[in-house]
Amino acid sequence: MGEERIERVFKFKFPTCTTGQDYELEIPLKIPHDGCIKELTHRLISAFKLPCYVEDDLQKALEIAVKRWTLEFHDDRSERLIKAAQSGDLDVDEVIKNWEKLYKEKTTAYAEPIGTTDEELFAAAYHRLVHSPSLETILQAEHEFGRAVTEVVRMRDTEFEKLTQKQTDEVKVAVETLEAGSTERSINEMLGRHFEEQSLLQGHWGSRVDALKLEQRRQYRNWIMRLLEEQQTSMLPTPVNSPIVQMPPLRATLGDFGDRNDKGAADFPQLEESFTIHLGSQMKQMHNIRIMTGDVFDFCKTKHGDSGMDPTPQRLQTALGLYSNDLCGLVLLTDNHVASYSGITKELCSICQMTTEFHFPSFDEQLEKLRDDVKDVVTWRQAHQREGSDPQAKKSTGSKSLQIGDVFITRHSNLAQVHVIFHMVVQDSLRSGEINSRHPAILGLRNILKTACSNDVTTLTIPVLLVHEMSGDMTVAWCTKRAELVFKCVKGFMIEMASWGGAELKNLQFLVPKGMSEEVFGTLATMLPSIFRVSNPLVFKATDTLQTPKK
Amino acid sequence: MCPALLEDDERCLGGTTFFARSHPVELCGSNGLPLTPNSITIYGRSQFLKTIEHSNLSTYLDIIRSKHERIVVVAEYSGEPLSNRNNLSLETVKKILYQCLLGLCHINKLGLVHRHLSPDNILITKDENVKLYNYGLYYMTDSGRNVSFPIGYPKYLAPEVFLGNNPNGVKVDSWSLGMIIAECLLKQNIWSGVKLAQCLRKVLSLINSETTIFERIARENNCLKTYEALPEVVKDFIDSCLQIYPSKRKTPEELLQHTLFEEFLKKDLVSKEQKIYNSVTARKMDELYYLWQLAGGDITMELKKQGLIRSRPPILSVPNLVVLLGQIFGRRDMAGLLDLRVVKVPLDTLRQRLCHIPFTANYPRLMNGTHIQAQDNLTRAASQLPLIIRERDTEYQFYRIVLYERLLQGYPITRDAIIREAHKDIPPLVRGRVWAALLNVSGDIERRYQMIDKETPTHTDRQIEVDIPRCHQYSELLSSGAGHQRLQRLLKAWVRDNPNYVYWQGLDSLTAPFLFLNFDNEARAFACISAFIPKYLHKFFLKDNSAVIQEYLGKFSQTIAFHDPQLANHLKSINFVPELFAIPWFLTMFSHVFPLHKILHLWDKLLLGDSSFPLLVGLAILRQLRDSLLTSGFNECILLFSDLPEIDIELCVKDSMAMYYKTPASITYRSHQLDQSKATNWIDPEPGTEKMPRISIKDFMNLLQNSKQNVIVVDLRNNIQFERGAVLGSINIPFTSVQLSHTDIMSLGPHAEPLANNRDSIVVIIGQHDQNNALFTEFLISCRVLRVCSLEGGIYALRSTAPHILVPPR
């Protein structure tokens, strides 16, 4: 530490036995001295070959001198400050302001009292209820609410389809009869009308969905609080009825809609392998590692089974964990647009909108807030990179958006198996190019692990190839190389994680795109235990003479 | 009531908590490694506080580091704070003042400044004694550098504290004490109801005061009358505290000499002489805390109950954005505020748990000087349980601790009894001291350690500096700054103290367990390591240690062959020699391979054995991996050992103990070991036969006498010689009749059957030449015969030392 020190010269005189002359020592000492005086004494005695009889005297003299000098040191420094304050060299008002700020920001005694926020209250209530017999009722209610929204959304989609179909037909007819009857103008008019119809329909359904969600959210939250209250007062073993009964009856129209999302799910076999590993050289930490094929959205989509009457078991797990210290996270690779109109974010958005978000702001709202934060990022980046004059960094400074390796995070309560989604910004070049461990995407992965660690995300799913879909130019060699890099880097980060002082990652899932051949998957799966050392099970046998009996 | 605890029920635990300052993202230290988290730095520094013992200071008991940089401090909390007391008489105030000064003087002497004095941190017990509280906060946070909140109460802080950011000297406490006592004397809160900014302004405006500070304060608070009524001597005292210029302000030590305290000082001198003889064996607070935890006490839970640890669901604090450089945006977080509340926890759980233990349990009787009247009848039931469970049994630990305390008080006279008890188990709380006793550490170790120069740079410094940040860094203690510093001092001291040896990598791991156990007693750690190395690793740290290590590993191979021929054969066939994996095992006595908590249990037993014990530990480890080893080739074995799998340490200890008792000492005898007491008759083996386990005549005779049924003697001489005279019951297999290439035990004929069926016996081969013995031993080992060894010196030696046991077989 760059602590202020002063140097003093310690003088010590002692008579020698033989000549009667005084022997004098001069030792420079740093004040404040932070070693042990006794050790110093011995060091001096051996360094200057002093006779042992001076030991006590020398030590005492040293102790007294060091003590006096230390006091003087502190006194001098304080008095200089006091004089500066008296003379006005030191701005006392400024000092007071700073200290006031410090006390107000950092101590509860002077800070503005912060009560429990609504968010926290609701969180506590919900967490308590899902860990009580009410769990089933709540899940059921959520499920019903969700289905209601899904129905409306599907009705909307069908209406849109119908309309689009009708309009296409109309246009077709009009174009065919261009000579006979219809003119270009009339077609243009028709197109204009079609557009209006579309927007009208969109507006209509949009407001209907929003209104429904708003109403659901209000009802739901009130109901949860009421439920808690009743449970606390009456200790009822069974919870009060869910508010579902008051819902507008939409169920009748349900039958028309098949589960369109389910098709294609069975096209590829589900491949999966799990390992238990121990990391660390002496102190070993246990982790579960899984590698599996699948679509990244499988973790998000709430499957409404055939009957559709019961919530899936995954939902139960997710609900129990929502406000716990074991969160589930998912890494999603995205482009640098923080918006829901395109790309993978759009797809995610439509999944999120299938049901009501009861706990956090809706996905769109979260993105909007994020866009504000991006502005902060841009200013921060500009300010920050001016200091470090890295030319390459400077080049990218102009960008007004996020860059590769940046991560934005959204929170969800209505997805199947995840609470937190880490959206990592990547480029298309990642699909084919070669990368090394210094690539921004890998560093972004490290930041994700670090954030996960400090926010108690203990289950994390990572797309192991850093792409979501297989494509033609992904050769076997490329796949193995990429997977090896990601495995090794993640292993390194996990070892590093132990010193970050947060939550340990308990479950790590590597996601492989659907459609990977079994052989390649097999290669990756065998690579896993050789990179992460798989723990050998302890086998006890009673066959040997020396071994103790079986446990 | 709980008779066993011998306590006043006022003793409570006090828990406080705060957050360490988190480092800005992605900073590295000067050595290129990531910065140590501040919570770990605090944890390491604060260990020293636990050693402070003084009647006017609350004892620090524990510092807990929990997730996300939180620190929880547990200290004794007795009585109630001064802020709860009103209208104190002048005499009481004087007494409080006096005892406060005693406490302050003590911490000043140790180099600490309180810097956090306030009426809340001065505790008054029922019998009007003072215990200063929270005096370590400023120290443990490195003068507040490791935390982001300000330390101290604005009202009581000396003005210079606000003017600069530098660490403060002892005189700030004099000022604070002056303010507190002034408040007591004026019988009202100074500047009550004043806002923070105004309060700060008032303190700082005192620097321009014309009159004495005390008078000015009295005037400002409209109690000049009370002020004037005070005796001059008291005013004079307060004035010497409340001096604006530190050079005029007195230190606590000087204040103690004030005329105000003359009578106290005199009284104290008298009582000190009286008290010298009545030391009571009361249980100390750290023992109570330890037992309280075993009884289910959990300070973190208590803090949660009182709302000091608010558990905000983590999902509510997840940030919005993390950019590439690690900067975080949109974090919804509000933790990190300093909450000074103290949670007072009575020891009720412990009291209930121990309520049926009689008063007398506190005084185990020492018999015949060193024999202790065992409390076997009290602990027998528990002593059969596994060690892990025993270590968590409140009652059992209570008895053990009491017993060990008593024994350790009598050390070194009681050393034998300590060893005897250590064979059962060692309670974690006293392990450091017990290990020192087992290693025969005694005398003025403190002074010896002080005399060694640990600061002058040497050429090994560089290597030590590189190794320390890699040594058991998962341990909070050893990864802290204080841990690094102490380990460095210990290593340098050892190198300096052993000029004939050098620093080999591994010495750091070897020292780590001793430092871990004696974190606040470097001298003891040093004495332990200094005794440990000659005992187990004699000559290992020579500049050229190859011969020593060669011999050691050779013995290891022999030991494997002796106890597990099948494994030995396999390792030999794939050419997987101990040189490839076992050097770090033995050079660090396994402390490089296992985490500390396992080392502790392993060394508990290791310290009871002699220098051959580690060989059997090594073998026990191999045997746990036996199945994988037997099915693995060279490459798999290398991989297996490059990252050793989890080892069940209790089983390992058990196995090695069992094998240790079944191994005659001469089998593992090394010419490089320190203890050469039994080596007088040692004859070096003939060249080329070094790989064969050999038993000495003496051990052989012992075996014959004590457990004849467990010895199979094989006589290799020809028939005629055998008929003339042989060991009774020995089997005659003339060497010439053996087909060495045909590795089947049955080829030796029916009389070799006992060899094939050998389970528990030792097979001793007696012949004329080492050469033939070695070949035959090798033959038997490849036939997987257990515990084969050859008699040292053969038949000639036997004939010359013990001719009487050679009798004609018929």
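How many bridges join S6(A) to strand S7 (residues 420-425) of chain A, and do the two run parallel or antiparallel?

Analyst: This is a predicted model, where local features need pLDDT of at least 70, side-chain atom pairs count only at pLDDT 80 or more, and totals for chains, interfaces and linings use all residues. Residues are numbered from 1 along each chain as its sequence is written, chains are lettered from A and ligands numbered from 1 in the order in which they are written, and side-chain values use heavy atoms, leaving out hydrogens and water.

To your question: S6(A) and S7(A) are antiparallel and joined by 5 bridges. Strands here are DSSP runs of E, at least two residues long, and helices are runs of H or I, at least four long, both numbered from the N terminus. Two strands pair if DSSP finds at least two bridges between them. Within this pairing, Val407(A) sits opposite Met424(A).

S6(A) has a partner in the other chain too: strand S7 (residues 321-322) of chain B pairs with S6(A) over 2 bridges, in the antiparallel sense. Val407(A) turns up here as well, with Val322(B) as its bridge partner.

How covered is the strand?

Stepping back, nonpolar side chains tend to be buried together in soluble globular proteins. A nonpolar core here is a set of buried Ala, Val, Leu, Ile, Met, Phe, Trp, Tyr and Cys residues joined through side-chain atoms within 4.5 Å. The largest one has 215 residues, and Trp585(B), Phe776(B) and Leu780(B) touch the most other members. Helix H5 (residues 171-186) of chain B gives this core its largest share, 10 residues. A second, separate core has 82 residues, including Leu139(A), Val426(A), Leu449(A) and Leu505(A).

Over in chain B there's an open sheet of 5 strands with parallel pairing, in the order S12-S17-S16-S13-S15. Its edge strands, S12 (694-695) and S15 (731-732), each pair on one side only. S16(B) (residues 762-766) and S17(B) (residues 788-791) are parallel over 3 bridges, and Ile765(B) has Ser790(B) as its bridge partner. Ile765(B) is also one of the residues that Phe776(B) touches.

Two helices are worth a glance. 13 of the 18 residues of H26(B) are buried, so this helix is largely enclosed by the rest of the structure. In H4(A) (residues 118-130), the buried residues include Phe122(A), Tyr126(A) and Leu129(A).

What about disulfides? A disulfide is a pair of cysteine sulfur atoms within 2.5 Å, and the count over all chains is 0. Cys352(A), for instance, has its nearest cysteine sulfur, that of Cys349(A), 6.4 Å away. Cys352(A) is buried, at 6% relative accessible area.

Finally, confidence: pLDDT is the predictor's confidence in each residue, from 0 to 100. Chain A averages 81, with 85% of its residues at 70 or more. Residues 244-266 of chain A, though, are below 50, and residues 537-551 of chain A stay under 50.

Key: Buried means under 20% relative accessible area, exposed over 50%, partly exposed in between (1.4 Å probe, protein chains only). Contact means heavy atoms within 4.5 Å. Lists of a residue's contacts leave out its neighbours within four places in sequence.
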